[in-house]
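We will go stop by stop, with a short note on what to pick at each one.

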Amino acid sequence: MLTITGESIMKGVASGTLRFYRKMEREVPGEDTQDIKTELEKFESARQRLKNAQQSLYEKTKAEAGEESAEIFLAHMQMLDDEMLKNSVKEIIREQNRSAAYAVQVGLSSIVGRFQAMDDLYVSARSEDIADLANGLLDELTGMASSGIEGQKPYILAAEQLSPSELMKLDRKRLAGIVLCSGSKISHTSIIAKGMEIPMLIKCSGLDESLEGKEAVLDGYTGHLFLEPTPEQKILTEERRSRELDDKDRIQKLKDKETVTADGRKIRLLANIGDPSDVGAVIANGAEGVGLFRTEFLFLNNSDFPTEEEQFFVYRQVLKTLAPKPVIIRTCDIGADKASDYMNFEAEDNPALGLRGVRFSLARRGIFKTQLRAMLRASSYGTLGIMIPMISDVQEIRECRELLSECREELEAQGTEVGSYEFGITVETPAAVLCAEELAGEVDFFSVGSNDLAQYTLAVDRQNTRLASFFDPCHPSVLRLIRMAAEAGHKKGIRVGICGEIGSDPALTETFLQAGIDELSVNPKSILPIRERVMTISGARAHSDDRLSGSAAQHPG
Ligand code: PEP
Ligand code: MG
């Protein structure tokens, strides 16, 4: 038995034959062409076909691995429209009289090289995306590359690197696991593998093609790949797999249970969503509602600001499907890393500290009121919470409330029915925590946005992968601020939850309950593990139950 060790990306156990992904050597004709017009047309039509293919990969990935995993394919579609990318190919066709395939190979590999040379992890990671697109364009121009993996048996895929497109084109039914020689935790391929729950290891040294076809067992818990495993190793792995299945079964049984601590304290356990299609996962995982509906998708996957009608339709659909469960819709948090060309943002030196969240909404009131009107119209279809992001000041809350009243009056004057709703804020700036008591006096609930709270408290840009080791949302300073927010909220009798990523970490659940947190809003897949964790905790501080009911949708405006 040979054992190879790697870094685990996705836990789980897989067994099958080890098969190496073979990247096809392509024949790209290098000779001159006289027909420049035809070559330009060939490039244009290959680009269009690849864009359509990326749209299909987006839909497929979204269905199989979730929205977050699928976003890379939307980014690919935008890159294919990039002028620099298009010109780098067209110039070679025009100026060097070369074929479209040759121009793609040379033009895009020079961009890849330039990006790779940059001393910025984020930019150099983009070089992989461009290489992926170059391959896709060459597939369109010279014929499909095949993975070289035929047959019917389950296999563990081995490769130096694997792009998101290559992964999504593989037959999921036979793909039991993935082992890569290089790879990175933050790569899109890793994100997709996690979303699809495919056991995966990266940075496996000693993987080489002489191992092709060997029987293999991948243990994502320990980070090992066993080749030609001994009978004992097979038994151990089988035991682990059956424990995994038992765990899944056990946890599934909690789907319709209440989220209550061992000593009887009720916690509200909700899901975060970013798209109406995520509602299926909310229901399938037994969430008690939605604690954060990020509405940015409506604004970012669009070529103009969405109309009131478009937004109303989406909000009503989510509220109606989940009624009477609560749905907290967050007003649009655009700005910083979330912007599209049509929004005409002025360049900012520090966009994370710039015009984003409520600041953008209050600066562009027409756009904000369109969204508020759509939410108010949808309010009579379910149990609505309206949440405002990036608040740092009482005045901002008052202005939002005034606009809400204005919208309500306008709608009622038109004869449109407006239901009741709760009104709350994301607590995600240190300023909001330090003024939490004043803010709590103006709202029905707080939800701590720990992703941004960590960014602003630690002064670490959450987008900067070079600073990943400094971005620690569990830093004592952040945990202390969460406790302060909970105490201030409770002093004023309002509910306090967490909707940032750390809410999904079972290792922190007890800390949050000790801090007095009443509600956790987590990604849908974490609902059941967190419910199980809550049910084992006792002795955490209890608070009055009416804060948790959330049914008192008491703000008719
Ligand atoms: C947060 O900041 O924790 C949060 C929930 O919002 P987002 O990640 O969308 O900024
Ligand atoms: Mg935030």
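Which domains does the domain assignment of the protein chain give? Colour domain 1 (2-21 + 149-251), domain 2 (36-142) and domain 3 (253-543) separately; these bounds come from an automatic or database domain assignment. This is a predicted model, in which local features need pLDDT of at least 70 and side-chain atom pairs count only at pLDDT 80 or more, while totals for chains, interfaces and linings use all residues. Residues are numbered from 1 along each chain as its sequence is written, chains are lettered from A and ligands numbered from 1 in the order in which they are written, and side-chain values use heavy atoms, with hydrogens and water left out.

**Stop 1: between domain 1 and domain 2**

Show domain 1 and domain 2 together; their C-alpha centres are 29 Å apart. To the contact (heavy atoms within 4.5 Å), domain 1 gives 14 residues and domain 2 gives 17 residues. About 1,200 Å² is buried between domain 1 and domain 2, with carbon and sulfur atoms giving 56% of that area. Buried area here is the accessible area (1.4 Å probe) that two parts lose on being put together, summed over both. Now select Ser165, Met168 and His188: they supply 40% of the area that domain 1 buries against domain 2, more than any other three residues.

Next, pick Asp139 and Lys169. The closest N and O atoms of this salt bridge are 3.8 Å apart, and the count between domain 1 and domain 2 is one salt bridge. The rule asks for a side-chain nitrogen of Lys or Arg within 4 Å of a carboxyl oxygen of Asp or Glu. Four residue pairs, both residues at pLDDT 80 or more, are in polar contact across the interface of domain 1 and domain 2. A polar contact is a pair of N or O atoms within 3.5 Å; within protein, one must be able to donate a hydrogen and the other to accept it, and residues adjacent in sequence count only if both atoms are side-chain atoms.

On the side of domain 1 that touches domain 2, helix 6 (164-168) and helix 7 (188-195) are the elements that give two or more residues. Helices (H or I, at least four residues) and strands (E, at least two) are DSSP runs, numbered from the N terminus.

**Stop 2: a salt bridge and a backbone angle**

Select Glu197 and Lys248, a salt bridge with its closest N and O atoms 3.8 Å apart. Glu197 sits in the loop between helix 7 and strand 6 (200-202), and Lys248 in helix 8 (residues 231-252), 51 residues apart. Then go to Glu228, in the loop between strand 8 (224-227) and helix 8. Its phi is near 45°, a positive value in a residue other than glycine.

**Stop 3: ligand 1**

Which residues come nearest to ligand 1? Of the 14 residues around it (a heavy atom within 4 Å), select Arg294, Gly449, Asn451, Asp452 and Arg462. A polar side-chain atom of Arg294 is 2.7 Å from an oxygen atom of ligand 1.

**Stop 4**

Show the peptide bond from Ala323 to Pro324, which is cis, with omega near 5°. Pro324 is in the loop between helix 11 (308-322) and strand 11 (326-330).

Finish at Ile367 in helix 13 (residues 365-378). Ile367 touches Phe299, Phe305 and Phe360, leaving out residues up to four places away in sequence.
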